[in-house]
Amino acid sequence: MTNKVLLGSVSAAIFAVAAAGIGLADIRTGASLVINGEIPIVTETEPPEFLQDVFPEIYSGWVFRTDETRAMEEDDFDNPGMLYVEQGIEAFNTVMGTEGNSCASCHDAPESLANVRPTYPQWDEAHGEVQTVEMQIIECQTERMGAEPYGYDSQQMRNMASLIASVGRGQPVNVAIDGPAAETWEAGREIYYTQFGQLEMSCADCHERNYGNLIRADHLSQGQINGFPTYRLKNANVNSVHNRFRGCIRDTRGETFAVGSPEFIALELYVASRGNGLSVEGPSVRN
């Protein structure tokens, strides 16, 4: 079989789901997620204004998972992602760098950061750019602690990002896309609808036009990132948003961008804003 024929077969198989239309019939919508019996999570709601002609409702990725996977997120004792939150707590209280500071030196307790995950990425006036949670962590380490920063997608970074997400659970995603952030948001939107790779697929091909349909025996979600960092059963670890972006572009057989790149920062801002109104639920549990 030639490469051309093989690629055509793969592409045809992927786009075959489109013929069936949106397949939400076997997805249990209307279910409630309450973490630890005390943190209600909004997993479906009205779309933000700019998506009202695209979706009747927006759904967290939790809606598209099996009952068994859903249940793992309902209790912190069953959620493997909370093991990484515990490592984040230890790091939060550990002195780093030459200034003798820990995260707790400025922020007292992790709960003081509860409003971070719901509002990031966001415009940083001092640096004149949109910053992600990871960029803010690096800024604190280098500018306030005199420390060697974590790698953007390192295990230490994912642990700390998981901790920050965990204290924001239940809060509505409220990412600002106007003002000075608008240019970056527009760049992210363009990337979202750009077809990549030999398979010539965009984010929208799967997560906008075919959500709810089956692919590789799994349901395509709307690609919401309110649950990141997310513990994936596939690789038994917490995964970052940019790592997931890389995986998606890789699956199109395309040349991907680097984690922390301007392209992925813009894409993260745009995709995060598509989930405005859903609850922060990281670290979530996904396949």
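Two strands pair if DSSP finds at least two bridges between them, and strands (E, at least two residues) and helices (H or I, at least four) are DSSP runs numbered from the N terminus. This is a predicted model, where local features need pLDDT of at least 70, side-chain atom pairs count only at pLDDT 80 or more, and totals for chains, interfaces and linings use all residues. Residues are numbered from 1 along each chain as its sequence is written, and side-chain values use heavy atoms, leaving out hydrogens and water.

**View 1. Strands β10, β9 and β11 make an open sheet.** Let's begin with the strands. Strand β9 (residues 230-232) runs parallel to β11, and three bridges join them. Here Arg-232 stands opposite Arg-286 in β11. The pairing in the sheet is mixed, in the order β10-β9-β11, with β10 (237-239) and β11 (284-286) as the edge strands, each pairing on one side only.

**View 2. Helix α8 (residues 182-192) has buried residues.** These are Thr-184, Trp-185, Gly-188, Ile-191 and Tyr-192 (buried means under 20% relative accessible area, exposed over 50%, partly exposed in between, with a 1.4 Å probe and protein chains only). Seen down the axis of α8, they fall within an arc of 120°, so they line one face of the helix; the arc is that of the directions from the helix axis to the C-beta atoms. On the other side of α8, look for the exposed Glu-183 and Glu-190.

**View 3. Helix α6 meets helix α7.** Val-133, Glu-134, Ile-137 and Ile-138 in α6 contact Met-157, Met-160, Ala-161 and Ile-164 in α7 (contact means heavy atoms within 4.5 Å).
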